[in-house]
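Subject: Structure handover and notes

Dear colleague,

I am passing on the structure below, followed by my notes on what was found in it. Please read the notes with the coordinates open beside you.

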Amino acid sequence: MNVLIVEDEISLAREIALFLKSENFLCDLAHTGLEASEKIAVNLYDFVLLDLGLPDYNGLDLISEAKKAGSEASFIIITARGAVEDKVKGLDLGADDYIPKPFALIELLSRINAVARRKFNIKNQDIVLGKFVIQVQSRKITCNDKAVDLTKKEYDLLQYLVLNHDKVLTRQQLYEHIWGNILDDDYDSNFIDVHIKNVRKKLTNHAPAPWLETVRGVGYKVAAGR
């Protein structure tokens with residue numbers, strides 16, 4: 001998952017980022033509302049962890065602005081503010097959860113995972129596609145109880161497609177979500193094609209995988225019903 005951490009306490013922002021990176025998240029940091037607004041406008045994020053008490057911005061305005069612009073990011077409010085009205089306003093604006101400071105990082109991770117399960121409609125930790133089983137929690141994929149040997153990035157790529165099943169993802173979307181934000185147009189779109197080719201080859205060494213589809217001229221998708 002690609003996460004933007006909006007927090008003006010630099011040490012806390014770095015602590016959250018280090019922890020989430022150890023849990024296989026990609027993390028971007030913003031220490032002001034303006035910086036966060038600019039990043040949300042040009043990048044694709046799965047989650048925004050948002051401190052409401054920013055020096056230059058009301059965090060609630062940032063949620064409203066992002067939702068009006070069509071951002072699909074899930075917002076989790078992180079703040080020292082304890083007022084019920086702030087919590088209610090944030091949730092009414094479209095925030096997905098609210099965690100007050102101080103908090104344990106493991107609780108934050110649990111809340112992110114809970115939101116992800118709702119967002120991607122994951123009812124259990126194992127996703128079955130034909131003869132393949134993707135074990136989300138342990139980050140493994142098996143076929144007839146035999147492990148499919150994917151690299152970390154190959155697994156990340158496949159899991160992201162699976163989580164967004166039946167949705168066509170462009171090469172740029174996949175690149176940004178798996179390898180990080182693209183700061184300019186100087187990147188090789190064939191990079192994704194090569195990785196998909198490798199994933200497909202490794203899968204078909206075990207069993208046919210017709211559910212991993214190429215959408216010509218656009219990108220790729222996983223057809224969950226196949």
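Helices (H or I, at least four residues) and strands (E, at least two) are DSSP runs, numbered from the N terminus. The model is a predicted one, in which local features need pLDDT of at least 70 and side-chain atom pairs count only at pLDDT 80 or more, while totals for chains, interfaces and linings use all residues. Residues are numbered from 1 along each chain as its sequence is written, and side-chain values use heavy atoms, with hydrogens and water left out.

H6 is largely enclosed by the rest of the structure, because 10 of its 12 residues are buried, where buried means under 20% relative accessible area, exposed over 50%, and partly exposed in between (1.4 Å probe, protein chains only). Among the buried residues of H6 are Tyr155, Leu158 and Val162, but also Glu154 and Asp156.

The helix lies across strands S6, S7 and S8 (140-143), running at about 100 degrees to S7; axes are lines fitted to C-alpha atoms, for helices over the stretch in contact (heavy atoms within 4.5 Å), and angles run from 0 to 180 degrees between N-to-C directions. These strands belong to an open, antiparallel sheet of four, in the order S6-S7-S8-S9. S6 (126-129) and S9 (146-147) are the edge strands, each with a single partner, so one side of each has no neighbour in the sheet. S6 and S7 (residues 132-135) pair over four bridges, pairing requiring at least two DSSP bridges between two strands, and Leu129 stands opposite Phe132 in S7.

The largest nonpolar core has 54 residues, of which Leu20, Leu49 and Leu203 touch the most other members. H6 (residues 152-163) gives the most to this core, with seven residues. Such a core is a set of buried Ala, Val, Leu, Ile, Met, Phe, Trp, Tyr and Cys residues joined through side-chain atoms within 4.5 Å. Beyond its neighbours within four places in sequence, Leu20 is in contact with residues including Val3, Phe25, Leu49 and Ile112.

Finally, Leu26 in strand S2 (residues 26-30) is partly exposed, with a relative accessible area of 23%. Leu26 and Ile178 are 152 residues apart in sequence, yet their C-alpha atoms are 7.6 Å apart.

With best wishes
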